[in-house]
Amino acid sequence: MTIHDLTQVPVDNLDETPVLTLGELCRTCTVHAEWVIELVDEGVIVPDGRRREQWRFYGASLHRVRVVQRLQHDLGVNLAGAALALELMDEVARLRRRVGE
Amino acid sequence: MEFKDYYAVLGVERDATQEEIKRAYRRLARKYHPDVSQEADADARFKELGEAYEVLKDPEKRLAYDQVGQGQRAGEDFRPPPDWDAGFEFRGGGYTQQGHSRGGYSAGGHSQEDSAAFSDFFESLFGQRRAAGFGPAASNGEPGSAGYRDRGAGLRGEDHHAKVSIALEDAYRGATRTLTLQSGEIDDQGRLRPRQRTLKVRIPKGVKQGQRIRLGGQGEAGMGGGPAGDLYLEIEFESHRRYQVEGRDVTLILPVAPWEAALGATIAVPLPEGSVELKVPSDSREGRRLRLKGRGIPGQPPGDCYVTLKIVLPPATNEDVKAAYRQLEAVANFDPRAAAEEKP
């Protein structure tokens with residue numbers, strides 16, 4: 001079995017600074033830009049930068065987009081519902097960390 | 001092949017109405033959705049639910065399933081009788097949502113290691129045509145993959161997403177990890193074949209739980225001269241018996257003897273990067289938090305390490321210890337409830 005050694009490949013840290021463009025986020029989640037813009041309007045993900053061409057997203061946004069995608073598809077929740085679910089999931093995760101689970 | 005009791009999976013009676021089936025599915029889907037659920041077997045349960053609902057929500061498939069499943073019990077060996085599906089509309093055209101839609105766990109899965117294929121049992125009853133037409137498409141877990149493969153030439157390769165588990169110690173020092181990705185590849189005959197790729201990647205020092213990193217150009221190869229996709233990795237910390245992690249801050253619980261807490265002490269604290277001398281001030285109470293600045297996960301700025309004191313009593317197993325406790329009782333004039341009552 002061949003092992004591809006990627007240890008010399010430069011690593012982009014996606015959460016230290018926001019680096020993902022709108023285009024990159026759409027491409028990697030295979031979604032339309034319009035839908036990502038809806039997510040931004042709903043406050044589910046918050047980009048840096050004012051104009052759309054200047055938007056840069058953190059890696060955490062990638063996770064949120066994918067979770068909303070799955071919740072919508074699998075459970076039939078709408079965007080506001082998915083946004084609420086995400087917030088509650090964050091809260092649960094925070095509380096679980098606090099009680100040391 | 002094992003017979004699957006789809007009614008039991010959804011927790012409904014065999015004579016349940018379509019509405020009851022839908023309600024049961026919706027309720028259980030929310031409970032076991034892998035993004036939401038804390039159940040250990042959520043992934044498997046959710047897939048099973050999707051498969052059961054796929055059959056029972058469709059009156060015709062349900063009828064066929066009922067006929068073929070008469071007298072069968074879950075887990076029993078099962079072979080569909082020849083021509084069992086004669087007279088049904090879906091005959092030979094086994095359509096499942098899987099592979100036709102995308103984006104969710106129930107359609108095409110979410111990651112390379114997680115194939116969302118339905119069970120052999122399901123495929124043997126309802127999946128024939130799909131199995132022939134789509135080939136091993138389901139083994140490539142990326143949502144939307146089937147639709148994105150056969151677009152013309154000169155296309156950028158797909159991005160890959162994967163999770164990597166590391167120990168907390170690795171976040172302090174950096175690490176290399178070897179991971180295996182499953183993906184699909186179109187062969188000369190235009191068929192989709194599963195392909196495995198084993199990669200050795202470097203995890204930089206200072207990463208946080210849940211953080212994402214990207215390796216440019218290390219995803220799926222492009223087609224017809226198109227550029228390769230990128231590889232996205234999500235870092236997951238293995239849970240650690242001793243430490244809790246929040247961002248770059250690390251907390252550990254340090255057991256101390258009553259006299260160490262009362263009189264003060266210098267104690268060697270085991271940190272992921274090696275042990276450090278911690279000065280416990282005298283008169284420390286149970287639960288006191290002490291901070292070791294900059295001793296959390298490295299970064300700009302580095303996290304801190306918090307040490308929570310836990311006072312452990314020596315057991316009164318012999319006469320000398322008992323005598324010492326009695327002596328303390330006599331001289332301390334101490335009522336633990338007096339302090340406790342002040343708290344709400």
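The axes of helices H2(B) and H3(B), the latter spanning residues 42-56 of chain B, come within 10 Å and cross at roughly 160°; axes are lines fitted to C-alpha atoms, for helices over the stretch in contact, and angles run from 0 to 180 degrees between N-to-C directions. The model is predicted: local features need pLDDT of at least 70 and side-chain atom pairs count only at pLDDT 80 or more, while totals for chains, interfaces and linings use all residues. Residues are numbered from 1 along each chain as its sequence is written, and chains are lettered from A and ligands numbered from 1 in the order in which they are written. Helices (H or I, at least four residues) and strands (E, at least two) are DSSP runs, numbered from the N terminus.

**Helix pair in chain B**

- H2(B) and H3(B) are therefore roughly antiparallel to each other (angles under 35 degrees count as roughly parallel, over 145 as roughly antiparallel, 65 to 115 as roughly perpendicular and the rest as oblique).
- Their crossing is left-handed, a term used if the near helix is turned anticlockwise from the far one by less than a right angle, with right-handed if clockwise.
- From H2(B), B:Ile21, B:Tyr25, B:Leu28, B:Ala29 and B:Tyr32 meet residues of H3(B), namely B:Ala42, B:Arg45, B:Phe46, B:Leu49, B:Tyr53 and B:Leu56 (two residues are in contact if their C-beta atoms, placed from the backbone, lie within 7 Å).
- By class, the residues of this helix contact are 10 nonpolar, no polar and one charged; Ala, Val, Leu, Ile, Met, Phe, Trp, Tyr, Cys and Pro count as nonpolar, Asp, Glu, Lys and Arg as charged, and the others, Gly among them, as polar.

**Sheet in chain B**

- An open sheet of four strands has the order S6-S7-S11-S10 in chain B, with mixed pairing (two strands pair if DSSP finds at least two bridges between them).
- S6 and S10 of chain B are at the edges with a single partner strand each, so one side of each has no neighbour in the sheet.
- From one strand to the next, the twist averages 25°.
- S7 (residues 249-256) and S11 (residues 305-311) of chain B are parallel and share seven bridges; B:Leu252 has B:Val307 as its bridge partner in S11(B), and B:Leu254 stands opposite B:Leu309.
- S10 (residues 289-292) of chain B runs antiparallel to S11(B) over four bridges, with B:Arg289 opposite B:Thr308.

**Chain A**

- Chain A has four helices and two strands, in the sequence pattern β-β-α-α-α-α.
- Of its 101 residues, 27% are buried (20 or more other C-beta atoms within 10 Å of the residue's own; exposed means 12 or fewer, partly exposed in between; C-beta atoms are placed from the backbone).
- Among contacts in chain A between residues at least 6 apart in sequence, 58% join residues at least 24 apart.

**Contact between the chains**

- The contact takes 29 residues from chain A and 35 residues from chain B.
- On the chain B side, the elements that give two or more residues are H2 (18-32), S2 (175-186), S3 (192-203), S4 (212-215) and S6 (243-246).
- S3(B) gives the most to that side, with six residues.
- The side of chain B that touches chain A has 12 nonpolar, 13 polar and 10 charged residues.
- Strand S2 (residues 11-13) of chain A runs antiparallel to S4(B), joined by three bridges; A:Asp12 stands opposite B:Arg214 there.
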